[in-house]
Amino acid sequence: MRAVISVFCITVLMVLGTLQHSVEGEFFLDKTQHNQSFSPVINDADESENYTLVYQLDIPDVANHNSAAISYSIDNSSQIDFSFDRVAYHLELQKSGEDRIYVYVSFPALSGDIEDIGVPHYDAGIVYQQLIEDLHISSNHPNLSSIVSSDSGVIEFWPSNYGAGNEIGVPGADSESYDFGDDSFSGAGYGSMQIHDYNSGQTLFSYSGWGDGNNANDLGIGNNPDSNGNPDWTFASNTADYELKSMRIMVREGPPIPGVHVDIDSPQSHQIIQRQGNDIGQLPISGYIDYDYDFVSARMIEIDSNGSNISTPSEWHTIHSSFKAGGTFFKNIDVNTGWYKMELQISNQGSLIETITVEPIGVGEVFIIAGQSNSANHGNTTLTPSDSRVSTWGADGWRFATDPLPIATGNGGSPWPALGDNLALRYDVPIGLISVGWGGTRVEQWLPDDSSSDPLFDRITMALDEVGYLGARAILWHQGESDLASGTTTEDYTSMLNEVIMGSRIAAGWDIPWVVARASYLPGFTAENLAVIVDAQQTVIDNDPLTYLGPDTDNLIGDSWRYDSVHFNGEGLREHARLWDLSISVMMEDFLGWDDDGDGVENSQDDCEDTPLGEPTYADGCSDSQRDSDDDGVSDDVDLCPGFDDTLDLDLDGIPDDCDTIIDSDGDGVADNLDECEGYDDSIDIDFDNIPDGCDSIIDSDGDGVANNLDECEGYDDSIDIDLDSIPDGCDSILDNDGDGVNNSIDLCEGHDDLIDLDFDSIPDGCDSIIDSDDDGVADILDKCAGFDDAIDNDNDAIPDDCDSLIDSDFDGVVDEDDICPGFDDLIDLDSDSIPDGCDGYIEDSSTEESSSTITSFTSVIGASLLLILVALLAAMLIRKGGDESEKELLDSETFFDMAEKTQTPPLDEGPDSSLIGEIKDGFEWVEHPIGSGVWYFKDKQTLQWIKH
């Protein structure tokens, strides 16, 4: 038994050890897998030791990330619970039989959202198309290995199709090929995940074509070496060429990224503000902040065309000065003509939260351009301004004015980048150009009341809305060719163009000047045909003092100027721009006018001609006493809450709501923006559930989820009913947790049925340490003979007599019920008279004894044999019972077996003298030797020798 227990214990220890090893092994494997995944990055870029791996993408040959979830092999994004200030991308590629190439690129994070750094699939809503700075680069590619840092990065992440046009004006980009300056479209499509360095003209890495799943995707490090391909690998369809293609995306823990939680609507980078007659422009500063703030201020720093500071910063202008729990801010500030960067500071309770810089920003001249193809992007050569102060505006905001300009139709060149250079040189001011032209259109299609599905006049009003009141110097009009072809008369053209001009001034809210080109040329028409349109244009110019003479482009004909006899080539575009510059210079002379009220603003631009003497004025010629900037009916000089409506005072405390630190309409001491129960007292909360009673659908004073009016046990939790009697315990007079009909207070055995007492000892069985149903002193679970006394074992064979199928009290091999001579050996019959000697009153003489001795010996042998067989049967029964026997029973059985063996071959043992007479007990003669030693001997009945027990 001890051996069995030992084996069991050893087995348990081995199993536990195996389990522990397995658990430890699993953690070790996870850690190993992470280290194996990240080790190539650490080996390639020392900087990466400070970064955390977020994603690993084992790039498939063909993928459709726009319609299927991205299957990253490692995705730790849910575990990134910290802010980060930089992101990094690592791409490694290897073709069969060639060396591995890699690139590592990190730069300041463009978003604080971890979901925004992965593959820019459509559902993620990620679009990054911008210049980036502070790039750290590590690569073994021969064209990239010398680039370790860069401030000339370009990121092109989007889920859509794209064109080759240089949409954001990346310096040096080619609008004819897919490179580091392309044109993203909307929606889901081809997909691009590219980062470039425009200074070197190199693609750092490119993964594209993953958005439609039709063909193998595009993948590369450095520029595509195939001269017939695109430098950025677009349409390469080469992912299957690589046997190793793995991208890892990481972040570096750091403080929140400045500006990520602030949206600046105005000014934007490259935005141009129209200067007024006093060489000052009104710069609108507006945006949204999504955290608490109480003070916003801004200052301007003048810079040169290279971005270097050329003046000391201006004074700080207060933009907002009252507490807001997040929200918008807005104010116009006056800025002198020039090229600037703006610093915006945001504070709360005296602590500076962050400073944001927007650059470059210009105050100069702004022109809106409309018309047909030669006013749009239909030249065969794209132009790029040489002066960085030339900007354009489109759906994605302001940017550097490289062709094609963003709103006009066509993907080619226009004269406007060259015009921007000419104007910037002539006036030494920043130039803004907004081109809205549409190729092949007639003047009729530009009418304000056009009811077609795509009214072109809306393009003019869109531009006017962007620049605002007095926000442009003039609208430049170049159109007429389509009207020549359609046969429009002079009178009709004149009428319709006048209507377009008048409509623009109504939409602008002021008399914006126009400059109209004389343009009508198409090959195959006579001079008389051309004059029909040109005369109409001249009539409009002559009859409106604010419509000026534009260039005569009908003289720019032939191969020297036009590549297809209609649209301009490169030289034609530049000459077109030069003629426009001359026309605009004539118009500009008219804007050097008089200032009758002496406020520094010329009459033509002065909206307030009678400004009180000595009062400071703004760019529009109005002083604070003459203007109402927030249109609340209160002049700026007495406005209590500038920028907001002074008449809005919901809590009637005399402080306009937008400048009121606490607006408390219901007078409960809680500001409306924090009021949980508007119109009721937030402090009244009977049930203390943090919901004011006036807005509480359930008033539950004891917090048990049951409204007071339905509460069965007020002041206690109705759901607590341990004894399940449908009476909450707090109001239950009798608690009987174990359901035995006995109250908890007098329950003898809590958790068990007090009525169950199998052994009738007044101790419920659930709490009874010994359950002894037959009252023999042995617990039922250990009872050998249930229902009987285990202590009664007359034949000492460890089997209680009531369960013993063989009882032999005198150990003579004869069961008691068949025993002839109980207490004596039935086999000893010296006189062979069939009466055992122990019960024989007369035993014959010696002669008879001698003759019967042989029989007696034979009978003894038979008896001994029967005894051995009996013992064997008993042993077999014990073995079959196996684990049901206790250790004590096994030991008793072994002792009995030993006694049977010793009876057969009694060993000689030094003990009591054989003549010694012992005590008869259980049919044997017993003696303790030495007396008091506790060692007992019994006398063998055949040998009459003492046998040690």
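1. Two strands pair if DSSP finds at least two bridges between them. Strand S17 (residues 280-293) and S20 are joined by 12 bridges. The two run antiparallel. Note that this is a predicted model.

2. One position in this pairing can be picked out by residue. Pro284 sits opposite Asn332 in S20.

3. Now the sheet around the pair. S17 and S20 belong to an open sheet of 3 strands. The order is S15-S17-S20, and the pairing is antiparallel. Which strands stand at the edges? They are S15 (262-266) and S20 (324-336). Each has a single partner strand, so one side of each lacks a neighbour in the sheet. On average, neighbouring strands of this sheet are turned by 15° against each other, direction ignored.

4. As background, strands of a sheet pair through backbone hydrogen bonds, either parallel or antiparallel.

5. Next, a helix pair. Helix H5 (residues 490-508) packs with helix H6 (residues 527-542) at an angle of about 40°. Their axes are 8 Å apart. Angles under 35 degrees count as roughly parallel and 65 to 115 as roughly perpendicular. H5 and H6 are therefore oblique to each other. The crossing of H5 past H6 is right-handed.

6. Which residues make the contact? From H5 come Thr490, Tyr493, Thr494, Leu497, Asn498 and Ile501. H6 supplies Val532, Ile533, Asp535, Ala536, Gln537, Thr539 and Val540. By class, the contact of H5 with H6 has 7 nonpolar, 5 polar and 1 charged residues.

Technical notes:
Residues are numbered from 1 along each chain as its sequence is written. This is a predicted model: local features need pLDDT of at least 70, side-chain atom pairs count only at pLDDT 80 or more; totals for chains, interfaces and linings use all residues. Side-chain values use heavy atoms; hydrogens and water are left out. Axes are lines fitted to C-alpha atoms, for helices over the stretch in contact, and angles run from 0 to 180 degrees between N-to-C directions. Helices (H or I, at least four residues) and strands (E, at least two) are DSSP runs, numbered from the N terminus. Angles under 35 degrees count as roughly parallel, over 145 as roughly antiparallel, 65 to 115 as roughly perpendicular and the rest as oblique. A crossing is left-handed if the near helix is turned anticlockwise from the far one by less than a right angle, and right-handed if clockwise. Contact means heavy atoms within 4.5 Å. Ala, Val, Leu, Ile, Met, Phe, Trp, Tyr, Cys and Pro count as nonpolar, Asp, Glu, Lys and Arg as charged, and the others, Gly among them, as polar.
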